[in-house]
Amino acid sequence: MVWESNPGILEWFSLPQNLIYRNYASIAEKAGALGKRDVGAAVLVHHYINIANKHQKLYFENKHTVVPKKYFYVLRPLLCVKWVASHTEGAADNLLPPPDINALLSMPAILADNDNAAAREMITQMLVQHRQGNAEACQLDAAAAVDAERQRKNSRKMPMERSVVLDRWVGKLFAEGNTLLARLKDGERQWFQEKKKTVGEYNTLCHDYIVVCNNLVHTAHSV
């Protein structure tokens, strides 16, 4: 999956090391480095557009109201596409988008898009409100915190009228993403041919992973 530039796996490798199982830290570091080095832009874009399409159909299609946080489900993958578009001319290891949506919203390409400044501000405010709710809940005693968390979760589930401003931005990002994917498809075959030359490195990685797993099994049996 790393060799195929599976975005889900590559994103996992980009997490802080304390969030990765310690027994696999060295393997994760090697796999992450290889994956980022050889990542394919077309694979990333295709993956993120598919995610955005799935959420668009599930939560927005033929609906006049929507739970606010569902906008994040569509916008984050589309912003990831925008990230890839902004980094296709640079080093391959910069192609993988960051996990934090704030970093995506702070991209120069997004900040420079004055036509959709209102949509960006709306999403930013929604994020701020979400995080303020988390911070306030942490300052309460246990019983009050549980009640506040329950109320906060219920409020998040309350649907709102779909935003014309956000819908317009989503539509624009979809159009740009599909145009980018069509352009990247032309070079995908060449990328795949180059990727074949790296199979040996990934085979070595698989061997190291098997050794780690066997050591863990042996340790468990000897306890």
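Are Phe-60 and Tyr-71 buried or exposed? In this predicted model, both Phe-60 and Tyr-71 are buried.

The setting of these residues is a chain with ten helices and two strands. Read from the N terminus, the order of elements is α-α-α-β-α-α-α-α-α-β-α-α. The chain has 223 residues, of which 35% count as buried. Among contacts with a separation of 6 or more, 76% join residues 24 or more positions apart.

The largest nonpolar core holds 40 residues, and Val-45, Leu-79, Ile-123 and Trp-169 touch the most other members. At least two residues of this core come from each of helix H3 (41-59), helix H4 (70-87), helix H5 (101-105), helix H7 (117-138) and helix H9 (164-195). With ten residues, H4 gives the most to the core.

At 1.5 Å a residue, the 18 residues of H4 should span 26 Å, which agrees with the 27 Å between its end C-alpha atoms. Leaving aside residues up to four places away in sequence, Leu-79 touches Ile-101, Leu-104, Leu-105, Met-107, Ile-110, Trp-169 and Leu-173.

Leu-44 lies in helix H3. This residue counts as buried because its relative accessibility is 0%. Its contacts, not counting residues up to four places away in sequence, are with Pro-7, Val-39, Val-84, Leu-95 and Leu-96. Between Leu-44 and Cys-80 the C-alpha to C-alpha distance is 8.6 Å, although 36 residues separate them in sequence.

The aromatic side chains complete the account, with a count of two aromatic pairs. Tyr-59 and Tyr-73 form an edge-to-face pair, 5.8 Å centre to centre with 65° between the planes. This pair links distant parts of the chain, since Tyr-59 belongs to helix H3 and Tyr-73 to helix H4, 14 residues apart. Tyr-59 is partly exposed, at a relative accessible area of 22%, and Tyr-73 is also partly exposed, at 29%. Phe-60 and Tyr-71 form an edge-to-face pair as well, with 4.9 Å centre to centre and 65° between the planes. Here Phe-60 is in the loop between H3 and strand S1 (65-66), and Tyr-71, eleven residues apart from it, is in helix H4.

How values were computed:
Residues are numbered from 1 along each chain as its sequence is written. This is a predicted model: local features need pLDDT of at least 70, side-chain atom pairs count only at pLDDT 80 or more; totals for chains, interfaces and linings use all residues. Side-chain values use heavy atoms; hydrogens and water are left out. Helices (H or I, at least four residues) and strands (E, at least two) are DSSP runs, numbered from the N terminus. Buried means under 20% relative accessible area, exposed over 50%, partly exposed in between (1.4 Å probe, protein chains only). Contact means heavy atoms within 4.5 Å. A nonpolar core is a set of buried Ala, Val, Leu, Ile, Met, Phe, Trp, Tyr and Cys residues joined through side-chain atoms within 4.5 Å. The expected span of a helix is 1.5 Å times one less than its number of residues. Rings of Phe, Tyr and Trp (its six-membered ring) pair if their centres lie within 6.5 Å; planes under 30 degrees apart count as stacked, over 60 as edge-to-face and the rest as tilted.
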